Structures are given as C-alpha cells and as structure tokens.
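I opened this model to look up how its parts meet and where space is left inside. My entries follow in the order I made them.

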Amino acid sequence: MSLTPLTEVQREIRSLARTFAADAIAPHAARWDREACFPVAVARQMGALGFLGMLIPEEFDGLGLDTTSYLLALEEISAADASAAVLMSVHNSLPTQMLLHFGSDEQRDHYLKPMARGELLGAFALSEPESGSDASSLTCQAIREGDEWVISGTKSWVTSGSFADVIMVMARTDSPDARRGSKGISAFIVTPDRPGFHVGKKEDKMGLRASPTVQLNFDGLRLPSRNLLGEEGQGFVYAMRSLDNGRLGIAAQALGIARAALDASLAYAAERRQFKQAIREFQAIQFKLADMASRIESARALLHATAAAKDRGESITMYGSMCKLLASETAMFVTTEAVQIFGGYGYVKEYPAEKYFRDAKITEIYEGTSEIQRVVIARELYGGK
Ligand code: CAA
C-alpha cells in the first residue's frame, strides 16, 4: 500500500524490487541469518540490477532515480531481509552520496562510477569504540607526510566492512595539541588493498546477523593525498549531510521489517484457531493489527513526503530524523506485537516473527539512536542550534 500517489516509474521500480526480493532473497534469509553470512554474489546481483546506484545520476553510471523510488525498492528488499537492506542503504546513502557531492572529477570516475554499477561495494566508517553518539569526539588520526596521509586508529560498527571495496573513513587531521572539534575531522577514501588495513573483530549480533559488522584497524595506513575527499576539516559536515539521507534509508528499512511482520501476523491470525475460531476474529487481535497497520501507514506517509521535499531541494535534516525516529519505533512496536500474536510460535526460530523483532531493534540504534534523532529534531525546532 501507499497513500501517496506513485508514478509509473515508481510502481515499476517497486515491482522489480519485489520480484527480485521474492526470488533471490526471501527464500534464503532465514539460512543467512542462522549462518551469519551474506553472499557477496547476491550483492553483485543487486548491483547488476541497479539497486546500488539508484540515486546516482546517469552521467556517473547510476540510475538517476528519485528518492521515493529508491525508498520503495529498499522497503521491498528489507521486507525480504533487513540485512540485504542495510547493505543497500549504506552503499546508496553514505559513501556514494559523499563522493557525488564532495568528490573530485577523478574520484568520481575512479570510485563513484564502479560503485554506481555495483562493481565496488561501499562502507562508511565514522564510529569508534569510544565515539558513538558523540561522533565529533572521534580519535582516529591522519597525519600528513609529504604527498601522503598516514592513518592510525580503530573504527567500529562498520556495516559491510569485511567485504567493502571502498570505505569512507572520517579521521582527525588536526593536531593532538590543538584540537578543533568537528572542524578537525576530514574524510578519506580508503581501499582494503593498502598495507596497514586490517579487518578486526566481527560483531556477534542479536539481529541483522547476515550483515557483517566489523571493526577496522588502521596501522599506519598510507594514502596518497588525492584520497582526501573535498576540503580538509570538512569531513564531519560531509558525514552529517550524508546521514540526513542515510536516515531516510534506515526508515525505509524499518518499514520493510514492520510490513513483513504485519503481513506474517495477518496470515497467521487467519489460520491459527483457538476457542473454535480463527484468532483474527478476536477483538484483542484486531486492535493489534489495526494499530500495527496505522503506524506503518503514518510512518510511510511522512517518509514519502520527506523524500519529495528532498528532491525539491529542501533541507530535510529535521524531517529525516523524524522519519527515522517514527519508522524505527514503529518497527519495534509492530514486531513486538507480531511476536505476541504468534504466541509461543513467535518465540521460536521456526517462524519468522522473532527474526523481525531482532532485526527491528537495530533501527532504533544505528545511524543515530532515537535519542539523537530527538536531539536533532529539538535543535531544529529551536532554529538550528
Ligand atoms: N548537515 C550539515 N551540517 C551539519 C549537520 C547536518 N545535518 N549536522 C551538524 N552539522 C554541522 C554543524 O552546522 C556544525 O557546523 P558549524 O560548526 O560550522 O556550525 C558542525 O556540523 C558540528 O555540528 P554540531 O555542533 O551540531 O555537532 P555535535 O558534536 O553537537 O553533534 C550530533 C551533533 C547530531 C549529535 C551528531 O554528532 C550525530 O548525529 N551523532 C550521531 C552519530 C551517528 O548518527 N552515527 C551513525 C554512525 S554510522 C552508521 O551507523 C552507519 C552504518 O554502518 C549503519
């Protein structure tokens, strides 16, 4: 469903994504979750179909689609498997958008085009073991030596970090003796073939188990100066601007999880009989289903309205945070109710409800916790600070 009228192209993109998700993702999602592994070949298939270059203009080998089309596709992929969706969301929203908006012509040719074609996979490395919500307190250090940058430090929670080909890394370029806060952070294009690049601990997570989340360790990793993105000292602002878009992607991911949980609950409530009738005949179940559907529709309406505002060139910092907040809390509400509707069967791995519940939780945490979204919204309400 979608309250907002969709264009022909948007309907086609949604249908393409739905078919791909049903054929290539949904049948395998439970196994990938169990084995904590996502086949890179499936990511390549997503790339070949254009799902990894949806927001990149055609001149850079992307599909040049509008934001709503992208979010519709993402919701479909997520309804099949939220792990596949986060790979798609991070790639489309963070490293590729940073390259598109702040990269040089050479960087766009060399990295953005193959990323848009899905030949190179992207990741985004902002957080660190001691720097999460307080992102500008990061300590990974880049020191200039002649024509090179030398990077040392550890990045955490890097989605797709174990198989990404291009990683956008935020590191300090100010001096340890004269810290400049967020102005001392720059963005670098890092590739894993460089000496000093190490994939560290892989997190053993509650949900999104197929999506690899890793630490990355940089031990005197040397980069040519051309791998600095945009201007020195602007990396934090670039990252924040990209997260404005990223948060729309996570909202779509959350909606996909919620919708899948609602669909599964509707089917189960129709087939499960207790007290001589299908449980969907009980008002207790009807009220749950009605609340679940209402929250999904309102989150989707806000998301699509925000996507349209973004494509009109308006600032969406506040609305992006509202979308992520509303959609992720909707996903948590809906999946909790789904587990309850499934009863004991909601608590076991033979049925899908427990996976939706586990997958939903992270949407309230990454790309800015719900608390950070509320901070951003309140700041915007106060006029920007
Ligand atoms: N757009 C453009 N510029 C922005 C901006 C935005 N959305 N947000 C902040 N800025 C600018 C500010 O204007 C400011 O610039 P000036 O000094 O020139 O005015 C500068 O950035 C610093 O901003 P703040 O003073 O507001 O910075 P802060 O330290 O108070 O932090 C925050 C603000 C909103 C709390 C921010 O730190 C934040 O968003 N934290 C959460 C981090 C986060 O979302 N991490 C996600 C990790 S990535 C991930 O999860 C990906 C994955 O793999 C799934």
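Predicted model: local features only at pLDDT ≥ 70, side-chain atom pairs only at ≥ 80, totals over all residues.

Entry 1. Between domain 2 and domain 3 I counted seven residue pairs in polar contact, with both residues of each pair at pLDDT 80 or more. On the side of domain 2 that touches domain 3, I sorted the residues into eight nonpolar, five polar and two charged. I then looked for salt bridges between domain 2 and domain 3 and found zero.

Entry 2. I went back to the division of the chain. I noted domain 1 at 8–116, domain 2 at 122–235 and domain 3 at 237–381. The centres of domain 2 and domain 3, taken over C-alpha atoms, are 30 Å apart.

Entry 3. I looked up the extent of the boundary. Contact involves 15 residues of domain 2 and 13 residues of domain 3. The area buried between domain 2 and domain 3 is about 1100 Å², and 67% of it lies on carbon and sulfur atoms. Which three residues supply more than any others of the area that domain 2 buries against domain 3? I wrote down Met206, Leu208 and Gln234, which together supply 44% of that area.

Entry 4. Rolling a probe the size of a water molecule over the atoms shows where empty space is left. I recorded two cavities of 30 Å³ or more. For the second largest cavity I noted a volume of about 30 Å³. Its lining consists of Leu55, Thr67, Tyr70, Ser93, Asn245, Leu248 and Lys310.

Note on methods
Residues numbered from 1 in each chain as written. Heavy atoms only, no water. Domains from an automatic or database assignment. Contact = heavy atoms within 4.5 Å. Buried area = accessible area lost by both parts, 1.4 Å probe. Salt bridge = Lys/Arg side-chain N within 4 Å of Asp/Glu carboxyl O. Polar contact = N/O pair within 3.5 Å; in protein donor to acceptor, adjacent residues only side chain to side chain. Nonpolar A, V, L, I, M, F, W, Y, C, P; charged D, E, K, R; others polar. 1 Å grid on protein atoms, 1.4 Å probe; cavity = no way out; pocket = protein on both sides within 12 Å on 5 of 7 lines; lining within 4 Å. Points joined across faces, edges and corners; volume = space filled by probe spheres on them.
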